Amino acid sequence: MSDITAVDEANFDNEVVASDLPVLIDFWAPWCAPCRALLPTIEALAPMYADSLKIVKIDIDENPALKEKFNIQSIPQLYLTKAGEHIARLTSRTRTQLAAELDDLLP
Amino acid sequence: MPLRAFLGDPALRAETLKRVREKWEARQITPFIFLKWSTKNPIASLAGTIAETQDPGQFVARTGITLELALLCETLINAGISFVDDTEAPLGFVMRGDDAIWSFGTEWLDAIEVDDDVSDVVTRFMPAFLSQILSDDFPLSPQTASGVRAVAHEIIDLWTRELGGEIVSRQEWRAVRANALRASETSGDPEGYPVAELVESLPWPLTSIAVEFPAICQKFLNSYLQVLAVRFLPEQDQIDWIKCLVGARELSRARGDARFADASDEDILNHLPRVKRAMLATQQPEAVSRMDAAKQRARPLMVPFLREQMDTILTLLRRDV
């Protein structure tokens with residue numbers, strides 16, 4: 001099982017904004033059952049895109065400023081970012097669909 | 001890497017079984033779909049109780065059992081149990097389920113002998129599970145689109161080759177994934193969506209998808225229960241639910257539309273009034289109550305299927321095949 005880096009307001013700049021790779025952010029919360037169900041899928045994607053994508057997760061309860069910055073109104077939400085700016089929202093929830101979406105979006 | 005169940009220690013096996021059985025029979029364990037354990041919180045999952053941890057790595061290190069096997073067993077149990085609010089109960093709810101479901105809570109653990117390597121049980125279970133869903137006996141068989149069925153057979157064929165030791169190329173998997181996406185998208189009967197979405201989730205190498213399988217299975221079982229439950233609803237509710245299932249697909253497609261790139265679901269639904277009406281109709285408190293009641297009535301219909309899956313796991317654990 002891969003580890004997905006947990007990002008918070010303190011390390012957001014280092015982990016996301018300064019990343020050379022595009023960053024896929026999984027907005028989640030511990031009480032959210034669909035988020036828990038999605039996590040193994042996200043963990044499975046991480047090694048597949050290790051060379052082209054960084055994947056992190058943000059707990060919206062612990063990081064209200066990031067929740068507001070990305071205007072998160074429901075979870076789970078998957079945002080693809082570059083230099084900390086949102087470039088696409090991934091709406092799929094199966095690995096098959098997510099991989100197809102990422103293949104279209106990533107250089 | 002081979003695993004040694006109970007770390008090769010008969011005393012650990014005996015202690016684990018005794019501790020888990022006592023709590024399970026006293027209904028002090030809640031069958032969840034994820035690892036939950038805390039010394040401060042009385043609510044613990046079955047897998048959490050087995051290893052007394054909610055750390056996935058520690059679970060394997062303490063038990064010699066894969067977490068996906070434990071979570072798969074717990075997911076099957078969870079699908080057969082109703083959680084009913086009860087303010088007088090210690091945890092605020094009571095659990096109701098068939099004895100055939102409850103008994104599996106310790107049966108699967110009891111079927112594992114000291115030193116067994118159970119690392120391949122989930123990968124061997126998956127083709128059997130998908131085959132059972134494709135059988136004519138499966139209640140959603142008439143609603144399963146022929147294209148979905150064909151892709152499911154392609155997946156089973158590739159998995160069978162993998163189990164025979166063959167390495168299936170990435171190109172072959174990629175082709176099946178493309179077929180799965182197409183088949184799922186064109187699956188027209190809303191009551192066939194659960195199988196279509198399950199099949200769409202699965203076209204990956206066995207060892208790669210096994211870790212994800214309990215979550216995929218849980219989602220499928222939940223959708224399956226919902227379809228069964230719709231049949232117990234009054235006619236207007238049935239119409240609303242079918243519209244809602246179709247609407248959820250439309251919403252999902254719309255989320256990927258460039259013009260809605262920054263829009264919330266609420267904003268998107270404001271552009272799709274027909275979908276919004278369908279979804280709101282099923283979210284009214286009275287409609288939700290009727291659906292909950294329908295699920296209570298439908299859940300016993302799932303018991304034979306769930307028990308069949310449980311028996312397949314027991315057979316694999318006992319190496320009877």
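**Exercise 1.** Which residue of chain B forms a salt bridge with A:Arg89?

*Solution.* Start with the model. It is predicted, so local features need pLDDT of at least 70 and side-chain atom pairs pLDDT 80 or more, while totals for chains, interfaces and linings use all residues. Residues are numbered from 1 along each chain as written, chains are lettered from A in the order written, and side-chain values use heavy atoms, without hydrogens and water.

Next, apply the criterion: a side-chain nitrogen of Lys or Arg within 4 Å of a carboxyl oxygen of Asp or Glu. The partner is B:Asp265, with the closest N and O atoms 4.0 Å apart. Chain B and chain A share two salt bridges.

**Exercise 2.** Describe the contact between chain B and chain A.

*Solution.* Count residues with heavy atoms within 4.5 Å. Chain B gives 25 residues and chain A gives 18. Then take the buried area (accessible area, 1.4 Å probe, lost on being put together, summed over both parts). The total is about 1,800 Å², 54% of it on carbon and sulfur atoms. In chain B, B:Glu200, B:Trp204 and B:Glu212 lose the most area to chain A, together 28% of what that side buries.

Terms used
Buried area is the accessible area (1.4 Å probe) that two parts lose on being put together, summed over both.
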